[in-house]
Amino acid sequence: MRRFLRSGHDPARERLKRDLFQFNKGCPQRHTDHRGPATLLLQDALPGHREWQRVRGAGARLPHAGGPDHQLGHRAAAMVLPEEARQRRVFEMVEALQEHPRDPNQVLIGYSRGLIVIWDLRGSRVLCHFLSSQQLDSACWQRDGRLIVSCHSDGSYCQWPVNPDTQQLEPLRSCVPYGPFPCKAITKIFWLTTKQGLPFTIFQGGMPRASYGDRHCISVVHNGQQTAFDFTSRVIDFTVLSEVDPAAAFDDPYALVVLAEEELVVMDLRADGWPPVQPPYLASLHCSAITCSHHVSNIPLKLWERIIAAGSWQNTHFSTMEWPIDGGISLAPTPPQRDLLLTGHEDGTVRFWDASGVCLRLLYKLSTVPVFLTDTDPSEHLNAQGEDEWPPLRKVGSFDPYSDDPRLGIQKIFLCKYSGYLAVAGTAGQVLVLELNDEEAEHVVEQVEADLLQDQEGYRWKGHERLCARPGPVRFEPGFQPFVLVQCQPPAVVTSLALHSEWRLVAFGTSHGFGLFDHQQRRQVFVKCTLHPSDQLALEGPLSRVKSLKKSLRQSFRRMRRSRVPSQKRRPAGSPGEVPERSCRTERLGLQNMELAPVQRKIEARTAEDSFTGFVRTLYFADTYLRDSSRHCPSLWAGTNGGTVYAFALRVPPAERRMDEPVRAEQVKEIQLMHRAPVVGILVLDGHSVPLPEPLEVAHDLSKSPDMQGSHQLLVVSEEQFKVFTLPKVSAKLKLKLTALEGSRVRRVSVAHFSSSRAEDYGEHHLAVLTNLGDIQVVSLPLLKPQVRYGCIRREDVSGIASCVFTKHGQGFYLISPSEFERFSLSTKWLVEPRCLVDSAETKNHSRPRNGSGPEKALGRARNSGSQSDGEEKRPGPVMEHALLNDERVLKEIQSTLEGDRGSYGDWRSQQVAMSQVSRPGVQAVR
């Protein structure tokens, strides 16, 4: 490490460190992008192919099987140069190294200073050389080996005819595609011939330096058509898929594959306009930053088909070509049901993903931008550009990290799978109610304002302004179309959302209060302000904040003093002689109780003056006994950050008078938890202690009718404890405190139905709980008994814990990175495992393609993977697994490694075993 601690600036050393850092991050920018003293090795490990290496210094080495290595140095190449060029030129590094496409004994070597040499391996001599005046970046052969195309640092490329008998001093043709102004370097180029028309010229870079130097572009030129594909993330590398047979006379390229930093893009080169190919996997989840998630299980077939139809209408710009990359055979069984994962994004879009299997597949994209007035016109298209524009840029790929307005961000999503109603809430207090329409429509989105402060005096909103709705009718494409907009005032972030499609009601909550809206009559039912008069962040003026801050500090010091008061001060009076003995006995009993009692974190009593006490955390609809035990009625429950639960009785008119009579609401009960912990979940259990079914679930015969004869129970889940109350008296029945050494708090809670893997008709309802420590716990209902506990997410991964969402069958998703979802399962029946097979024996029977494989041949290999060419029956199986299990040496090594790990990392291994139990049913990264 001393060589990195030298004083002074060394350009070569800094360049080497930068290149090594880029290489360690993943794939390099291109294969010849490393210009340090120790350069990258270019290898081809397939049988029958030589292995080229770039070595230290300006040379190349060819390890030859069965013979000596060939060392191609700059001294041998310098012998072909004139004396004056030999004296003034320094070769520097090797930038290009390629075999002749027809004769493997000829090798093209390109040096960074512009020299290109064709070396003969048999005669150990230079067949011909080409000298360019510009710095060389890359070079490639024509398929027949009669032409070499080189690209340079000034944004030009040159064509050099190959003739060993005649020395070519000047290029046959030199072109600057985006000249005459100074351009950036062309870093990689393909020259591919076709049966009809001119060759394809495909290159990376070369854009005008002043105006478009920051663009990541790959240009395609063919038959007078030129397009610069503009990517929103850095291009790591690209290749072109063409004819596989090396004896073919033409390349005939059919696909351009581009690996960008954030996505993988394939362009169809055979279709008009070179459209992109829709990726079946490796979807760009983070095309815009994910802000929320919502999972819906067991989607009805009719709704599923309508969503797919709406998504296909959006995919008309994609090519019809099948995905040309074959990665093996999927052995995963057909999913038993259809699941949807909805992701809300920062740019105001909601994406519908098929989460039934291993890979997430994009079905449909909903945009809320057309409803509002923004800086961009919704009619503008990303690819819209004038005919006279130069360079001819066209944006490709789905990754678009830029948002026109951060207020468009989606914060809450609620979908009813039976009625097709969708509620979406955003950052600026906007709540949209949408319905599914199979036809394109144009209508006015009705707007209603909900004042959550109820004209409260002494308050002024200091945050962002509301979004302005677009006046007049708005045209919407087929799919989910908004018909009403509820705008909360002040326009704070919507923190909770609930939709009851049977009653046609939607409830919403912010940090100031909550409200109820009737989306059938398009009218507001009520609003409730939950702000506390001493809320630090709600009231304006510095005096009130200073007073509340001083008061909270005083209360904190008082609690500390009370906790330090010894228990002897509160003992009963006695004789002086008895004091030491009694005190010693008391201390011994206290120590015994401390050792035997379970370790529980003390629940700190909060005060009403704490900040954000009016923050509405959860909303819940239920048909239960709220007023008395003789009559049940619809109700709305709301839980706040200050440990308060509000209960409203609703009067919903019958269906025949639904449009004539208004929905009425009356606050019946208010529960204040003593410890004032934030309420994160509310649930009502019927007479059989079973959670109430979802709206319209009983009407579709997908659930049993709830028991309305016995007494109902109310479960309130706060961050610190679970508590069950009886209804309608609301008396405490039982509770469960969280037991943890480091003070865990509930972050997510959901009801999950755990089905038996043996008995089809047996299942149980339990609570799936996620804590701030990343632990997942299962708590039984209604007795609140902890069942199991697994460590799933790292406690430092705050974003992963915040993004976790549970399913109805004991599974879950959370973000392990901005672009990856990890899936876990707590159920032994509902498993999603990535099962696949890559047959190495089949690969040996096929010659390695020059640039890739055709779509027909790739598809044929996938379909005929179960049969061999000689007609023998072949049984696919895990070849590598069998080889490892039959090797006794490998088994002994694995066993010794496991035994060593168990001795050194006992605690770590125990945590991993617990994690493997939760991840074994089906944890995988879905990208």
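**Strand pairing, first look.** I began with strand S27 (residues 430-437), which pairs with S31 in the antiparallel sense over eight bridges. For my own records, strands pair if DSSP finds at least two bridges between them, and strands are DSSP runs (E, at least two residues) numbered from the N terminus. In this pairing Leu-436 stands opposite Phe-480 in S31.

**Ground rules.** This is a predicted model, so I note that local features need pLDDT of at least 70 and side-chain atom pairs count only at pLDDT 80 or more, while totals for chains, interfaces and linings use all residues. Residues are numbered from 1 along each chain as its sequence is written, and side-chain values use heavy atoms, with hydrogens and water left out.

**Another partner for S31.** I then turned to strand S29 (residues 446-451), which pairs with S31 in the parallel sense over six bridges. Here Glu-446 stands opposite Val-484 in S31.

**How many residues of S31 are buried?** I found eleven of the eleven buried, so S31 is largely enclosed by the rest of the structure. Buried means under 20% relative accessible area, with exposed over 50% and partly exposed in between (1.4 Å probe, protein chains only).

**Aromatic rings.** I counted 19 aromatic pairs in the structure. Rings of Phe, Tyr and Trp (its six-membered ring) pair if their centres lie within 6.5 Å; planes under 30 degrees apart count as stacked, over 60 as edge-to-face and the rest as tilted. One of the pairs is Phe-352 with Tyr-364, tilted, at 5.3 Å centre to centre and 55° between the planes. Phe-352 lies in strand S22 (residues 349-354) and Tyr-364 in strand S23 (residues 361-367), so the pair ties together parts that are twelve residues apart in sequence. I checked burial too: Phe-352 and Tyr-364 are both buried.

Tyr-364 also forms a tilted pair with Phe-480, at 6.2 Å centre to centre and 45° between the planes. This pair links distant parts of the chain, with Tyr-364 in strand S23 and Phe-480 in strand S31 (residues 479-489), 116 residues apart. Phe-480 is buried, like Tyr-364.

Elsewhere I noted one aromatic cluster formed by Tyr-157, Tyr-178, Phe-203 and Trp-390.

**Last entry, the open sheet.** I followed four strands in the order S36-S37-S38-S39, with antiparallel pairing. Strands S36 (616-624) and S39 (664-672) stand at the edges with a single partner strand each, so one side of each is left without a neighbour in the sheet. S36 pairs with strand S37 (residues 633-640) over eight bridges, and Leu-619 stands opposite Ala-638 in S37.
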